[in-house]
Amino acid sequence: MTEILTSQVVSGLATGCVYALIALGFVLIFKATDVVNFAQGEFVMASGFMSYTLLIGFGIPYGLVLVATIVLSGFMGVVLERIVVRPIMDAPIFSIVIATIGASIVLRSSAGIVYGYDVLPLPTIFSKDPVRIGFVQFTAMDVGVIASSLAIMVVLYLFFRLTKTGTAMRATAQSQTAARLMGVSVSRIFSLTWAISAAIGGVAGVLIAPIIYLDPNLGFIGVKAFAGAILGGFGSIPGAIVGGMLLGVIENLSGYFFNAGIKQVSTYILLILVLVVRPAGLFGAAPVRRV
Amino acid sequence: MRWRRWLGGLALVALGLILLILPGVADNYVLYVMTRLFVYVLVALGLNLLTGYAGQVSLGHAAFFAIGAYTAAVLAERWQWPSVLCLVAAALFTALVGYLLGLPCLRLSGLYLAMATLGFTLIVQEMLLQLAVLTHGSEGMKVQPASLLGLTFDTDTRKYYLLLVVTVAMLAVARNLVRGRLGRAFLAIRDNERAAAAMGVNLARYKTIAFALSALYTGLAGGLSAFIVGFLDPQEFSFFLSIQFITIIILGGLASLLGSVLGACFLIFLPELLAGLDVWQALVYGLIMVVTILFMPFGLAGALRRYAYRWFGIGAEPMIPRRLGH
């Protein structure tokens with residue numbers, strides 16, 4: 001009983017870490033540019049297919065594939081921002097959202113045309129055999145995914161805290177005008193933000209595709225990650241991480257206690273309940289109203 | 001100035017005549033597509049009242065649509081209620097659900113509201129599967145055609161006229177509502193909640209009214225759709241449908257009745273026009289969607305109004321606030 005429960009929690013935490021990574025992508029872009037990018041899940045899907053092609057098609061070693069996927073995914077983020085988002089930065093926020101939804105339809109159907117709609121197996125370096133230490137049962141894959149995700153979060157944190165570019169990005173998020181006056185190229189920061197968000201999405205894709213599935217609809221995982229970001233408080237980085245992890249664990253546990261159908265919606269029921277009590281999520285500040 | 005009004009009236013009469021004689025000239029498939037268009041126009045009107053006018057984002061309209069459809073279907077199949085009563089009950093019950101959903105949503109705005117309503121859509125879809133006693137779960141549900149005063153709406157022509165009449169009537173209702181006290185209150189809430197409250201607009205009351213009214217339109221559309229399609233598949237009422245609905249009103253134009261109609265035309269006609277493209281259909285559809293929004297960030301109606309003003313001096317330069325629901 002306890003073994004099953006703990007293994008459910010650990011594997012939920014693994015999925016939750018990936019949700020958290022994707023949620024981070026949402027929040028970083030939102031903080032820096034005030035845009036909600038509904039194509040965020042598509043970065044995950046696209047990088048899954050990219051690494052599949054590099055691994056299976058070209059037989060490139062795993063480490064190189066990982067680096068290549070991150071770079072390519074980041075590049076995709078920059079291109080998407082330049083072509084789809086930047087021309088309408090002054091438009092109503094909903095129009096930008098619809099533009100990113102349109103872009104996600106294009107990416108998803110492109111993947112469908114190239115790879116078809118069958119589920120493809122993406123290899124992973126982590127073993128799926130269960131390991132047991134005391135009461136806790138887990139697989140190397142769970143631990144690998146959790147460790148990789150945490151490592152990325154730490155690297156990101158250090159980048160934002162310690163580097164000059166990171167400071168410029170934080171400044172832009174606080175006030176674009178002030179950042180510009182201090183000599184920060186806001187336009188370059190926008191591109192960089194999209195690149196980083198897409199690259200994180202890319203890592204998430206490589207991590208999650210072997211666990212769940214790899215097909216053109218993998219991008220819909222973005223909806224869950226978005227729910228995680230909202231649960232934590234949209235715009236809060238700790239919120240995105242905690243919200244994503246919480247979502248993963250609760251989803252897995254409810255799958256254990258109830259049936260698969262309930263598993264799919266339990267997180268949304270929880271989300272609505274949390275929002276009723278805390279309308280701006282767990283870590284979100286109450287929205288400032290301009291009068 | 002007067003000739004312009006005459007011109008507008010003339011165009012409207014011409015359009016009305018075309019819609020009236022269409023069943024005489026068009027084939028059944030065109031009529032079926034038009035009927036679907038009317039259903040989507042009804043939903044778009046409802047959603048635009050809530051999101052465009054009152055500024056409350058909703059991704060919950062697939063759920064309202066489903067509730068309307070299943071209410072009508074269950075009443076008709078299980079208790080053999082007359083079609084009219086089924087439709088009225090579907091609209092009213094959905095409005096009640098909308099009102100109840102509006103209550104917890106009072107504190108939410110913007111993205112949080114969008115996510116909460118999206119969650120509602122996913123929960124309702126799952127309930128359709130779980131409540132198999134009423135809804136037959138994943139098997140779906142057959143619905144007999146509607147009948148009224150001994151007339152059965154079983155042919156495409158009859159369905160077309162039924163929907164045409166209902167849609168035009170509901171369009172007129174919406175037009176009157178948005179131009180009256182209610183519409184002004186909605187716009188005031190959207191533009192600035194505090195200012196609206198200071199002017200005596202009861203925020204809680206009008207927001208829940210907006211939810212109920214919007215759900216009423218969508219529930220009615222769902223009920224009608226059940227009778228027209230004749231089969232309900234729970235897979236249809238996914239969050240993707242909600243995204244389609246919101247796409248309609250944003251592409252068409254927020255806070256615009258014309259925009260609701262144009263957006264529905266875009267979403268219904270475009271896939272039909274692209275049907276020959278096979279696997280490329282979704283790709284081209286997405287591209288057209290992106291390009292449309294890039295060139296018309298204020299939607300089709302916004303672009304129409306802008307160019308009508310710039311080129312012909314008709315109306316006024318449209319002003320649409322950048323932020324909604326903040």
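In chain B, helix H3 (residues 61–78) packs against helix H11 (residues 239–252) at an angle of about 110°, and the two axes lie 7 Å apart. Angles of 65 to 115 degrees count as roughly perpendicular, and H3(B) and H11(B) are therefore roughly perpendicular to each other. On the side of H3(B), the contact is formed by B:His61, B:Ala62 and B:Phe65. H11(B) contributes B:Phe239, B:Leu241, B:Ser242 and B:Phe245. Of the residues in this contact between H3(B) and H11(B), five are nonpolar and two are polar, while no charged residue takes part. The model is a predicted one, and the angle of about 110° and the 7 Å between the axes are computed from it.

Chain A was examined for its secondary structure and overall dimensions. It contains 11 helices and two strands. Read from the N terminus, the order of elements in chain A is α-α-α-α-β-β-α-α-α-α-α-α-α. The radius of gyration of chain A is 19 Å, and the globule rule gives 19 Å for 291 residues, so chain A is as compact as a globular protein of that length. Along the principal axes, the C-alpha atoms of chain A fill a box of roughly 60 × 50 × 35 Å.

Burial and contacts in chain A were also computed. Of the 291 residues in chain A, 52% are buried. Among the contacts in chain A with a separation of 6 or more, 73% are between residues 24 or more positions apart.

Key
Residues are numbered from 1 along each chain as its sequence is written. Chains are lettered from A and ligands numbered from 1 in the order in which they are written. This is a predicted model: local features need pLDDT of at least 70, side-chain atom pairs count only at pLDDT 80 or more; totals for chains, interfaces and linings use all residues. Axes are lines fitted to C-alpha atoms, for helices over the stretch in contact, and angles run from 0 to 180 degrees between N-to-C directions. Helices (H or I, at least four residues) and strands (E, at least two) are DSSP runs, numbered from the N terminus. Angles under 35 degrees count as roughly parallel, over 145 as roughly antiparallel, 65 to 115 as roughly perpendicular and the rest as oblique. Two residues are in contact if their C-beta atoms, placed from the backbone, lie within 7 Å. Ala, Val, Leu, Ile, Met, Phe, Trp, Tyr, Cys and Pro count as nonpolar, Asp, Glu, Lys and Arg as charged, and the others, Gly among them, as polar. The radius of gyration is taken over C-alpha atoms; the globule rule is 2.2 Å times the number of residues to the power 0.38. A residue is buried if 20 or more other C-beta atoms lie within 10 Å of its own, exposed if 12 or fewer, and partly exposed in between; C-beta atoms are placed from the backbone.
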